[in-house]
Amino acid sequence: MVRLYSLLKKQGAPRKQSLRLNERRLRAFSLPELLIVLVIIGILVLIALPNLMPLISKAKSTEAQQQLVYLHTLEKNEFYAHSRYSGSLDELGFEQSKLVTDGGNANYRIEIVQADEHGFKATATAVVDFNGNGQYNVWEIDQDKNLREVVKD
């Protein structure tokens with residue numbers, strides 16, 4: 001008899017535990033609540049983005065400035081070695097990074113516009129219109145390391 005009682009007691013225990021699990025509910029956010037939060041975050045981003053565009057454009061123009069200063073160093077080395085400036089990026093050993101339009105990371109196309117024994121001029125032209133106004137940012141450097149923004153974006 002005791003054996004039967006203990007057997008019945010063992011069979012009844014899982015049923016009580018399963019009832020207790022169903023009674024206990026987890027506290028969580030509902031789907032509409034999450035969607036409302038996402039919409040609010042989206043609206044805040046849309047409000048803040050126009051104010052941040054000049055900062056984003058300025059940060060990206062740093063890429064052009066650094067590349068042109070590096071190219072200036074390569075051109076000076078070429079001048080000291082051969083008494084002339086080179087018109088070829090390959091001859092200088094300058095490797096253009098893959099552009100964002102081609103699936104890369106570079107925002108600027110680097111080109112040597114003019115080069116002879118007296119000087120050189122190189123430009124960095126943006127391949128992306130950063131602020132959407134139709135103008136592409138252009139930077140320029142010469143043999144005297146005069147770095148200037150020719151076209152502002």
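1. The chain holds three helices and four strands. From the N terminus, their order is α-α-α-β-β-β-β. Helices (H or I, at least four residues) and strands (E, at least two) are DSSP runs, numbered from the N terminus. This is a predicted model: local features need pLDDT of at least 70, side-chain atom pairs need pLDDT 80 or more, and totals for chains, interfaces and linings use all residues. Residues are numbered from 1 along each chain as its sequence is written, and side-chain values use heavy atoms, with hydrogens and water left out.

2. Overall figures. Of the 153 residues in the chain, 25% are buried. Buried means under 20% relative accessible area, exposed over 50%, and partly exposed in between (1.4 Å probe, protein chains only). The accessible surface of the chain is about 11500 Å², and carbon and sulfur atoms account for 57% of that. Areas come from the Shrake-Rupley method with a 1.4 Å probe; for residues, only the protein chains shown count as cover. Among contacts (heavy atoms within 4.5 Å) between residues at least 6 apart in sequence, 39% join residues at least 24 apart.

3. Helix α2. This helix covers residues 31-82 and has a kink of about 45° at Leu52, shortly before the proline Pro54. The bend at a residue is the angle between axes fitted to the seven residues ending there and the seven starting there. Ser83 follows α2 and has a positive phi, near 55°.

4. What does α2 pack against? Its buried residues pack against α3 (89-92), β1 (108-115), β2 (120-126) and β3 (138-142). The buried set includes Ser57, Ser61, Ala64, Leu68 and Leu71. His72, Glu75, Lys76 and Glu78 are also among the buried residues of α2.

5. A nonpolar surface patch. Leu31, Leu35, Val37, Leu38, Ile41, Val45, Leu49, Leu52, Leu55 and Ile56 form it, with about 910 Å² of accessible area together. Patches take residues with over 30% relative accessible area and no salt bridge; like charges are joined within 9 Å, and nonpolar side chains (Val, Leu, Ile, Met, Phe, Trp, Tyr) within 5 Å. A salt bridge is a side-chain nitrogen of Lys or Arg within 4 Å of a carboxyl oxygen of Asp or Glu.

6. Ile56 and Asn131. Ile56 sits in helix α2. Its relative accessibility is 32%, so Ile56 counts as partly exposed. Asn131 lies in the loop between β2 and β3. Asn131 is also partly exposed, because its relative accessibility is 35%. Leaving aside neighbours within four places in sequence, Asn131 contacts Met53 and Asp153.

7. Aromatic pairs. The whole structure has five. Tyr70 and Phe94 make a tilted pair, 5.9 Å centre to centre with 40° between the planes. Tyr70 is in helix α2 and Phe94 is in the loop between α3 and β1, 24 residues apart. Phe94, at 4%, counts as buried.

8. Tyr108 and Phe130 are likewise an aromatic pair, tilted, at 5.9 Å centre to centre and 55° between the planes. Tyr108 lies in strand β1 and Phe130 in the loop between β2 and β3, so the pair ties together parts 22 residues apart in sequence. Both Tyr108 and Phe130 are buried. Rings of Phe, Tyr and Trp (its six-membered ring) pair if their centres lie within 6.5 Å; planes under 30 degrees apart count as stacked, over 60 as edge-to-face, and the rest as tilted.

9. A ring cluster. Ring pairs link Phe79, Tyr80, Tyr85 and Phe120.
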